[in-house]
Amino acid sequence: MAVTRSQKNGDVSSSEQPRETTDGTDKSGDSTLSASEKKVLRTVFISLVIDLLAFTVILPLLPSLLDYYGTKEDGLYKSLKDSVSSFRELVGAPDTPRWNSVLFGGLIGSMFSLLQFIASPVIGATSDVYGRKPVLVLSMVGVAFSYALWAVSRNFGLFVIARFVGGISKGNISLSTTIVADILPAQRRGKGMALIGVAFSIGFVFGPLIGAIFSRWAREQQGEFYVYPALFALVLSVIDVIYIAVLFKETLPQTKRAKSISSGWKNTSYLINPVSLFKFSSVTNMSTKDMSDIRKYGVVYFLYLFFYSGLEFTLTFLTHNRLNYDSMQQGKMFFFIGFIMAAVQGGYTRRASAGKEVKMAAQGILILVPSFIIMAFAYSAVWIYLSLALFSFASATVVPCLTTMISLYGGNDQKGTIMGIFRSLGALARALGPVFASTMYWSCGATVCYITGGVFLCLPYLLLKRISVDHVKKQ
């Protein structure tokens with residue numbers, strides 16, 4: 001059971017406050033969203049869709065961007081390209097422009113995830129002290145500035161700086177989950193987390209399509225073709241900043257905030273040290289049982305995303321090698337994934353009854369096992385798309401449910417820290433997973449890679465089942 005910092009300081013009763021529950025026994029009433037809750041959720045949802053449309057525009061453009069910077073005499077580009085070539089030779093990947101671009105793009109993506117790993121806990125802890133809105137707006141201003149830098153990045157070094165600024169600043173997603181935890185009691189929180197998932201699906205369906213249009217147009221252009229998509233992302237980002245600044249209402253009152261940065265951060269090193277993050281060391285005033293629970297959820301989340309993101313990254317390799325898919329066909333494939341995810345999150349995950357999150361997350365992880373086993377032996381579009389359907393279902397359920405469960409822990413002045421650390425662990429997994437999976441794919445082959453990933457996904461599944469059993473015993 002968690003004790004909030006305000007309780008420790010004598011603001012309320014000093015007795016321990018129970019962890020929030022989703023079994024229907026709390027005082028939050030039924031599971032119907034109130035008008036005020038719907039208003040905040042609508043604001044957060046629209047903001048996330050705008051943000052993710054801007055964020056995903058660059059994804060189809062990365063190969064063209066890297067080709068463009070490759071024509072420049074840029075020392076940083078040459079150095080990173082040599083590193084990618086060394087990695088390619090190490091794992092035995094073919095020496096073709098296509099795979100060099102994919103691996104190079106993976107390196108840029110891993111860098112962005114590592115920056116998220118560093119920034120998310122700090123942003124979350126800061127919001128516990130100063131409130132969600134000012135930190136959210138500042139984060140979004142940083143993202144907008146990164147797009148402005150991209151628009152003028154005539155050399156690769158400035159492009160990397162733009163991605164660096166974007167990675168450090170992108171705290172709006174973890175803050176959005178914290179905002180949902182602020183406004184919704186346990187019984188209704190799953191609906192809010194699923195809505196965030198729907199925003200992700202919409203952004204990752206339509207953003208890359210817009211980017212693909214820019215990409216096709218870019219092939220016919222000469223010179224600085226990236227300026228227009230960068231300005232498109234910048235305009236969306238500026239609209240998003242104004243939208244939040246005007247319409248979003250603060251969800252963490254002054255009376256419920258952490259008293260100071262030192263109490264919110266505990267120790268800055270805890271927020272960037274991987275071992276401390278897995279231990280949630282910066283979270284204080286929590287019972288031994290609750291601390292054990294959130295650490296287990298953190299490990300489940302990390303293991304799940306480590307294997308999931310790695311195998312997701314290698315899908316482009318698999319479909320090209322076995323089905324000879326080009327970029328457009330792969331774009332249709334990811335559209336299929338996003339469409340199913342949006343449908344499942346809107347029609348199933350969001351409507352799931354409270355208290356079923358652990359069971360639903362476990363089912364999602366378990367469904368991934370046959371999905372990856374099918375992929376291991378799939379040599380036709382029918383089998384690939386069958387495995388992708390299962391893959392999409394898992395994608396739509398696991399993360400929203402785990403996020404709902406972790407949000408039940410800690411006091412109001414700790415939500416930002418806990419959610420920030422949780423997302424940081426996911427970012428670390430997304431940074432390391434593609435490296436592991438690419439090495440396995442090119443060293444041992446696609447079949448071994450996907451079977452191994454499917455088998456190892458049993459680890460987070462079994463750990464999650466153990467948490468579920470412990471909760472039943474506790475009740």
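This is a predicted model: local features need pLDDT of at least 70, side-chain atom pairs count only at pLDDT 80 or more; totals for chains, interfaces and linings use all residues.
I'll start with the pair. Helix 2, residues 35-56, packs against helix 10, residues 227-247, at an angle of about 165 degrees, and their axes are 8 Å apart. That makes the two helices roughly antiparallel, since anything over 145 degrees counts as such. The crossing of helix 2 and helix 10 is left-handed.

Which residues of helix 2 and helix 10 meet? From helix 2 they are R42, T43, I46, S47, I50, D51, L53 and A54; from helix 10 they are A233, L236, I239, D240, Y243, I244 and L247. By class, this contact has 10 nonpolar, 2 polar and 3 charged residues.

Next, helix 7, residues 156-169. Its 14 residues reach 20 Å from the first C-alpha to the last, close to the 20 Å expected at 1.5 Å a residue. Of those 14 residues, 10 are buried, so helix 7 is largely enclosed by the rest of the structure. The buried ones are F156, G157, F159, V160, A162, R163, V165, G166, G167 and S169.

Last, the backbone. Most residues other than glycine have a negative phi. Here are two with a positive value. F280 has a phi of about 55 degrees and lies in the loop between helix 12, 274-279, and helix 13, 288-313. N324 has a phi of about 60 degrees, and its place is the loop between helix 14, 315-323, and helix 15, 327-349.

Are these residues buried or exposed? F280 is at 0% relative accessibility and therefore counts as buried. N324, with a relative accessible area of 58%, is exposed.

Conventions:
Residues are numbered from 1 along each chain as its sequence is written. Side-chain values use heavy atoms; hydrogens and water are left out. Axes are lines fitted to C-alpha atoms, for helices over the stretch in contact, and angles run from 0 to 180 degrees between N-to-C directions. Helices (H or I, at least four residues) and strands (E, at least two) are DSSP runs, numbered from the N terminus. Angles under 35 degrees count as roughly parallel, over 145 as roughly antiparallel, 65 to 115 as roughly perpendicular and the rest as oblique. A crossing is left-handed if the near helix is turned anticlockwise from the far one by less than a right angle, and right-handed if clockwise. Contact means heavy atoms within 4.5 Å. Ala, Val, Leu, Ile, Met, Phe, Trp, Tyr, Cys and Pro count as nonpolar, Asp, Glu, Lys and Arg as charged, and the others, Gly among them, as polar. The expected span of a helix is 1.5 Å times one less than its number of residues. Buried means under 20% relative accessible area, exposed over 50%, partly exposed in between (1.4 Å probe, protein chains only).
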